[in-house]
Amino acid sequence: MIIDTGKANISLLNETDNIIVVDIYANGELSMDDVNNIHEAISHFDVTIPVNTICVKSGKNYLSDEAFEYSINHSCLHNQVIYVIKHMHDIHFPSHAQETYFKEHLVDYCTSIDEAYYLLRNETKQKFKHCPS
């Protein structure tokens with residue numbers, strides 16, 4: 001099953017390893033509502049929160065200021081995050097994400113979903129973080 005939010009496709013890659021793929025295909029600015037829609041779509045899968053996330057940046061997109069703040073406040077929905085970089089201008093994005101809204105997470109990047117899956121399967125699992133009530 002793939003859930004299309006209008007800006008991203010969300011799918012379950014592996015239920016056992018709790019891995020979700022978020023393919024953000026939109027070009028331009030992503031709003032707080034766009035990021036919230038992605039998080040809502042994740043909740044439709046039979047996974048335990050936080051999820052291990054493979055984030056594919058297919059489009060040339062960026063977060064609005066509100067979406068950036070929302071991401072900081074809701075980063076606990078994700079455990080480990082691997083970015084699949086499709087455009088060279090996005091090569092610094094994973095470092096920026098880890099320094100800002102994914103400070104408490106393992107963040108890495110690669111060039112394919114298969115490679116990202118391999119990285120997630122072979123990383124030492126970090127302690128799950130839970131959202132504050």
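Two strands pair if DSSP finds at least two bridges between them. Keep that idea in mind as you look through these views of a predicted model.

**View 1. Strand β7 meets strand β8.** Let's start with the pairing of β7 and β8, the latter covering residues 107–110. These two strands run in the parallel sense and are joined over four bridges.

**View 2. Strand β7 meets strand β5.** Here β7 is shown with β5, again in a parallel arrangement, and six bridges join the two. To get your bearings, look for valine 51, which stands opposite histidine 78 of β7.

**View 3. How covered is β7?** How many of the eight residues of β7 are buried? Eight of the eight are, so this strand counts as mostly covered. In a regular strand, side chains alternate between the two faces of the sheet.

**View 4. The cavity inside the model.** The structure holds one cavity of 30 Å³ or more, and the volume of the largest cavity is about 280 Å³. Its lining is made up of 21 residues, and those nearest the centre are Ile24, Cys55, Ser71, Tyr83 and Phe102. Two or more lining residues come from each of these elements: β3 (19–24), α1 (32–42), β5 (51–57), β6 (61–63) and β7 (78–85).

**View 5. What kinds of residue line the cavity?** Sorted by class, the lining of the largest cavity has 13 nonpolar residues, seven polar residues and one charged residue.

Note on methods: Residues are numbered from 1 along each chain as its sequence is written. This is a predicted model: local features need pLDDT of at least 70, side-chain atom pairs count only at pLDDT 80 or more; totals for chains, interfaces and linings use all residues. Side-chain values use heavy atoms; hydrogens and water are left out. On a 1 Å grid over the protein atoms alone, a cavity is a set of points where a 1.4 Å probe fits but cannot get out, and a pocket is an open set with protein on both sides within 12 Å along at least five of seven lines; lining residues have an atom within 4 Å of a point. Grid points are joined across faces, edges and corners, and a volume is the space filled by probe spheres set on the points. Ala, Val, Leu, Ile, Met, Phe, Trp, Tyr, Cys and Pro count as nonpolar, Asp, Glu, Lys and Arg as charged, and the others, Gly among them, as polar. Buried means under 20% relative accessible area, exposed over 50%, partly exposed in between (1.4 Å probe, protein chains only).
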